[in-house]
Amino acid sequence: MSRYFLRRAIQSIPVLLLITIITFAIVHLLPGDPALAYLGEAAAKDQVAYEAVRLELGLDQPLPVQYGKWLGKVVQGDMGRSVRTREPVTDGLSGRLPVTFQLALMAILFAVVIAVPVGILSAVRPGSRTDSVGTVFAISGVAVPHFWLGIILIYVFALWLRWLPASGYKSPTENLGANLQYMLLPALTLGAGQAAVIMRQVRSSLIEVLRNEYVRTARAKGLRERVVVQRHALKNAFIPVITIIGMQVGRLFGGAVVVESIFALPGLGRLAIDSIMFRDFAMLQGAILILAVAVVVLNLLTDVLYAYLDPRIKYA
Amino acid sequence: MAVIDLHMEMREGTAERLKRRLPLAVLRRTLRTRGAGFGLVVTAVVIFMALTADFISPYNPIAQDYALVLQTPSSAHLLGTDELGRDVLSRIIYGSRVSIQAGLVSVGFSVVMGVMMGLLAGYFGRWVDSLLMGLADAMWSFPNLVLALAIGAILGPGLTNAMIAIGIVYTPLFARLVRGQALSVREMEYIQAARVMGAGPVRLMLKHIWPNVASAVVVQASLMVGVAIIVEAALSFLGLGVQPPQPSWGSMLKSAYQYMVRAPWLSIFPGAAIFLTVLGVNLLGDGLRRALDPRLKEFGEA
């Protein structure tokens with residue numbers, strides 16, 4: 001098992017390297033001069049200060065050299081300083097990371113809680129009313145844009161019913177209850193699309209598993225349908241579901257960008273947008289990099305979990 | 001000899017006739033899926049709106065009228081007016097152009113780039129394969145919307161740039177798909193035969209491998225159109241896509257968001273337009289998928 005994990009981890013190193021190259025390239029292709037952004041409008045005319053900043057940021061060196069130096073520092077946990085707030089990028093990121101992770105986690109939880117029971121009921125009785133409702137929900141869930149759903153949820157639950165705050169954020173260490181109130185609508189918004197995809201997967205893989213010989217044997221033994229589904233079929237049906245959940249992580253982080261903007265949550269996605277708007281190159285680099293690396297790491301963990309759950313995969 | 005010629009001729013005749021009938025047969029099989037008919041109608045209506053916007057739109061979509069700011073829906077303005085007194089219905093009708101264009105052009109871009117990448121990787125294998133697929137994996141690791149935003153920021157705001165950004169972001173999906181298929185086809189005997197007969201790599205890829213992967217690509221592309229429409233609307237919503245005063249559903253929602261309390265209808269209609277269009281396109285794509293390849297997975301990855 002640990003050897004399999006190690007091998008998969010080593011395999012993802014080239015991808016991680018390419019990710020750093022793409023991140024570096026993206027930020028250096030952005031229009032605008034980082035040195036000017038760093039100096040600010042007022043000091044921009046000062047030629048001496050300008051040259052000094054260029055030297056300080058290493059902008060006078062060839063790009064491959066800049067990349068090498070940047071990568072060397074990133075590996076040691078130094079991503080430079082934000083040109084906007086002057087704080088170290090790592091500080092900015094570590095403040096934002098928990099917000100996005102909490103949002104993503106709550107969205108997944110919400111999606112699973114809704115999708116799994118409905119998916120199972122639909123698969124056990126294909127063509128039933130539950131199945132039809134579930135199918136309509138699944139098809140709509142994929143088609144509804146996050147930003148529209150978010151606006152509607154704010155309208156209904158915050159402005160009309162006044163049950164929940166419209167937007168804003170409280171840290172969970174400060175006040176957990178308030179934190180959950182602020183996070184509930186964003187998580188619902190982000191989770192709806194996920195729920196649709198997960199439900200489809202639960203339904204189709206359970207239907208497939210229920211067609212197997214061993215399920216027929218279990219039924220022939222005289223076991224009740226409930227036992228057949230719960231004890232025999234579900235375990236195998238969930239293996240592909242876990243893969244789907246793992247694969248959705250990237251989509252989840254992408255959706256977080258929009259959701260964090262609508263609900264004014266101080267997460268990584270909103271940080272990325274703000275950094276683009278304010279030409280905060282170092283911060284943008286950090287935000288994009290950490291999101292991509294998180295996707296790679298979570299996919300790696302999914303693969304390992306998958307191998308652990310499915311004995312047919314050899315992890316020698 | 002004459003008999004063989006006649007046989008060949010007959011077979012070619014049948015093939016020709018089949019070819020002509022094929023689109024009709026595919027359509028008929030597509031419509032067999034539940035919801036595909038609805039999808040076809042919705043898609044047709046949106047395309048009709050986009051094509052005839054100049055004639056069917058009741059008002060000029062960018063004409064401002066400060067006497068008619070934030071009017072509720074009425075018989076003069078069926079869907080009300082926005083914060084600059086512009087007719088919401090007319091803006092939605094014109095906005096369909098942006099969404100249809102975004103859906104088709106950006107997916108077309110992904111298909112062309114992805115198919116080239118996939119064919120090259122699948123055909124040449126070895127280091128070409130490792131390099132291209134490594135690149136595809138690395139690109140795919142970035143959250144799609146984040147990558148689209150970053151590329152959009154590099155290229156600058158505007159619909160064309162947004163479409164290029166979305167096209168780049170979804171290229172790896174098609175590259176992976178085509179590469180996998182190309183790998184499995186590459187070792188087949190008829191490819192070996194064509195190679196022995198002296199066909200070069202370009203001819204082999206385009207004439208012999210591509211036809212085998214085409215239907216899978218068409219299916220995946222049809223499922224991605226809806227995703228592309230949503231991502232373009234998201235970019236416009238975040239301020240990077242279509243710029244004012246040009247009407248688009250995403251940018252309409254962006255400005256409507258600020259008037260949510262006073263004028264909720266401003267948010268409802270453009271969002272509903274996106275939702276219905278994507279729903280229609282997806283249902284149609286799902287039907288197409290069942291008609292062309294029943295083994296493919298449900299729903300595209302977004």
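The buried residues of H10(A) pack against helix H5 (89-124), H8 and helix H9 (213-220) of chain A. Here, helices are DSSP runs of H or I with at least four residues, numbered from the N terminus, and a residue is buried if 20 or more other C-beta atoms, placed from the backbone, lie within 10 Å of its own, exposed if 12 or fewer, and partly exposed in between. This is a predicted model, where local features need pLDDT of at least 70 and side-chain atom pairs count only at pLDDT 80 or more, while totals for chains, interfaces and linings use all residues. Residues are numbered from 1 along each chain as its sequence is written, with chains lettered from A and ligands numbered from 1 in the order in which they are written.

So which residues of H10(A) are buried? They are A:Val228, A:Val229, A:Ala233, A:Ala237, A:Val241 and A:Ile245. At A:Ala233, H10(A) also bends by about 55°, the bend being the angle between axes fitted to the seven residues ending there and the seven starting there. As for length, the 23 residues of H10(A) (residues 225-247) should span 33 Å at 1.5 Å a residue, taking 1.5 Å times one less than the number of residues. The end C-alpha atoms of H10(A) are 31 Å apart, which agrees.

Turning to the two chains, 41 residues of chain A are in contact with 39 residues of chain B, contact meaning C-beta atoms, placed from the backbone, within 7 Å. On the chain A side, H11(A) gives the most, with eight residues. By class, this side of chain A has 33 nonpolar, six polar and two charged residues; Ala, Val, Leu, Ile, Met, Phe, Trp, Tyr, Cys and Pro count as nonpolar, Asp, Glu, Lys and Arg as charged, and the others, Gly among them, as polar.

Most residues other than glycine have a negative phi, and most peptide bonds are trans. A:Ala264, in the loop between H11 and H12 of chain A, is not a glycine, yet has a positive phi of about 55°. A:Ala264 counts as partly exposed because it has 13 C-beta neighbours inside 10 Å. A:Arg279 likewise has a positive phi of about 55° without being a glycine, and sits in the loop between H12 and H13 of chain A. With 19 C-beta neighbours inside 10 Å, A:Arg279 is partly exposed too. Over in chain B, the peptide bond from B:Pro244 to B:Pro245 is cis, with omega near 5°; B:Pro245 lies in the loop between helix H8 (201-237) and helix H9 (249-257) of chain B.

Notes: Helix = DSSP H or I, 4+ residues; strand = E, 2+ residues; numbered from the N terminus.
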